[in-house]
Amino acid sequence: MASLIDLANPTRFMRLSSALLPWLAGVSALLLVVGFYLAWFVAPPDYQQGETIRIMFVHVPAAWLAMMFYAMMAVSALGTLVWRHPLADVAQKAAAPIGACFALVCLVTGALWGKPMWGTYWVWDARLTSVLILFLVYLGIIALWRVLDDPSRAGRAVAILTLIGFVNVPIIKFSVDWWNTLHQPASVFRMGGSTIDGSMLWPLLILALGFTLFALTLHMLAMRAEIMRRRVRTLTILEAERLDRLSAQGAPA
Amino acid sequence: MTALATSLGPHAGFILAAYAAVAVVLTGLTLSIIRDHRAQKRALAALEQRGAGRRRQGGEAA
């Protein structure tokens with residue numbers, strides 16, 4: 001663990017991320033272009049849902065990423081509380097708005113898919129409600145970061161809230177199996193293989209990978225911004241202390 | 001645009017609205033992160049230019 005902490009110190013992260021960012025952004029852009037081309041011009045309309053199946057290509061990756069980013073935040077929370085990893089709460093803080101945006105995309109596209117297929121934008125069933133709770137937990141975490149000024153105190157408080165909120169992630173995943181819901185059960189990652197035809201599955205998987213790399217690109221950029229924000233904070237405090245000392249000594253600042 | 005909407009069938013409005021929502025949310029997120037990154041970079045550069053945090057004579061800490 002000591003070597004992992006050594007490897008991931010902020011200075012090394014800034015250097016590595018600077019080299020990685022253009023590649024990550026380029027590959028994600030390429031995958032998204034190819035994925036959207038396949039989704040719009042190659043994948044056929046669904047025999048039951050018709051053209052509305054096109055919404056699946058953005059709805060499903062958004063749902064996966066909303067959960068994936070929360071899982072990443074839970075791992076970071078452990079890093080903050082157990083190992084006091086120097087980048088853990090930076091990673092956690094940077095991930096929250098990204099996860100929240102994908103949860104929002106999932107809810108909005110789901111509602112717009114639900115209306116023509118189910119006849120309603122919203123029902124209070126287990127899957128939809130648990131995703132709404134995930135979105136609200138994300139907002140709570142973002143709010144908590146803003147309320148507490150000291151980053152290390154805020155990091156610990158947010159880590160505890162994140163771990164409590166993690167209970168919701170398996171509920172989202174298994175809600176369609178545990179309860180009778182309007183939402184369909186898992187159709188991509190399930191025992192016995194995917195139930196989606198290859199002509200739709202491949203565009204979906206390529207887009208999911210493209211969105212994942214895109215989200216990781218944003219996460220890396222947001223982490224860099226957060227590291228710099230903390231340096232700015234520390235330097236501002238040091239500068240203010242120096243000016244205070246100088247003025248106390250009667251010397252010009 | 002009209003041809004696209006026609007080819008998407010009777011639910012074209014829902015499909016296009018879903019993609020518009022994705023574009024708006026993700027573009028907003030991307031721009032806000034880029035803007036924040038630039039702002040912090042500028043602030044850090046300004047502080048470093050002023051010599052904040054630099055070790056001074058007499059052992060003042062960085």
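## Overall architecture

The secondary structure of chain A comprises 8 helices and 0 strands, where helices (H or I, at least four residues) and strands (E, at least two) are DSSP runs numbered from the N terminus. This is a predicted model, in which local features need pLDDT of at least 70 and side-chain atom pairs count only at pLDDT 80 or more, while totals for chains, interfaces and linings use all residues. Residues are numbered from 1 along each chain as its sequence is written, and chains are lettered from A and ligands numbered from 1 in the order in which they are written.

The C-alpha trace of chain A spans about 80 × 35 × 35 Å along its principal axes. Of its 253 residues, 38% count as buried, that is, with 20 or more other C-beta atoms within 10 Å of their own, the C-beta atoms being placed from the backbone.

## Helix H4

Helix H4 of chain A covers residues 88-118. Its 31 residues should span 45 Å at 1.5 Å a residue, and the end C-alpha atoms are 42 Å apart, which agrees; the expected span is 1.5 Å times one less than the number of residues. H4(A) bends by about 30° at Ala95(A), with Pro97(A) following within four residues; the bend is the angle between axes fitted to the seven residues ending there and the seven starting there.

Of the 31 residues of H4(A), 26 are buried. Just after this helix, Gly119(A) adopts a positive phi of about 90°.

Leaving aside residues up to four places away in sequence, Phe102(A) touches Ala62(A), Leu65(A), Ala66(A), Phe69(A) and Ala215(A); contact requires C-beta atoms, placed from the backbone, within 7 Å.

## Contact between the chains

The contact takes 31 residues from chain A and 26 residues from chain B. On the chain A side, H4 and H8 are the elements that give two or more residues, and H8(A) gives the most, with 14.

## Database annotation

An unreviewed UniProt entry lists transmembrane regions in chain A, including residues 95-114 and 200-223; such annotations may be inferred rather than shown by experiment. Residues 95-114 are 100% helix, with end C-alpha atoms 28 Å apart. Residues 200-223 are also 100% helix, with end C-alpha atoms 34 Å apart.

Terms used: A residue is buried if 20 or more other C-beta atoms lie within 10 Å of its own, exposed if 12 or fewer, and partly exposed in between; C-beta atoms are placed from the backbone. Two residues are in contact if their C-beta atoms, placed from the backbone, lie within 7 Å.
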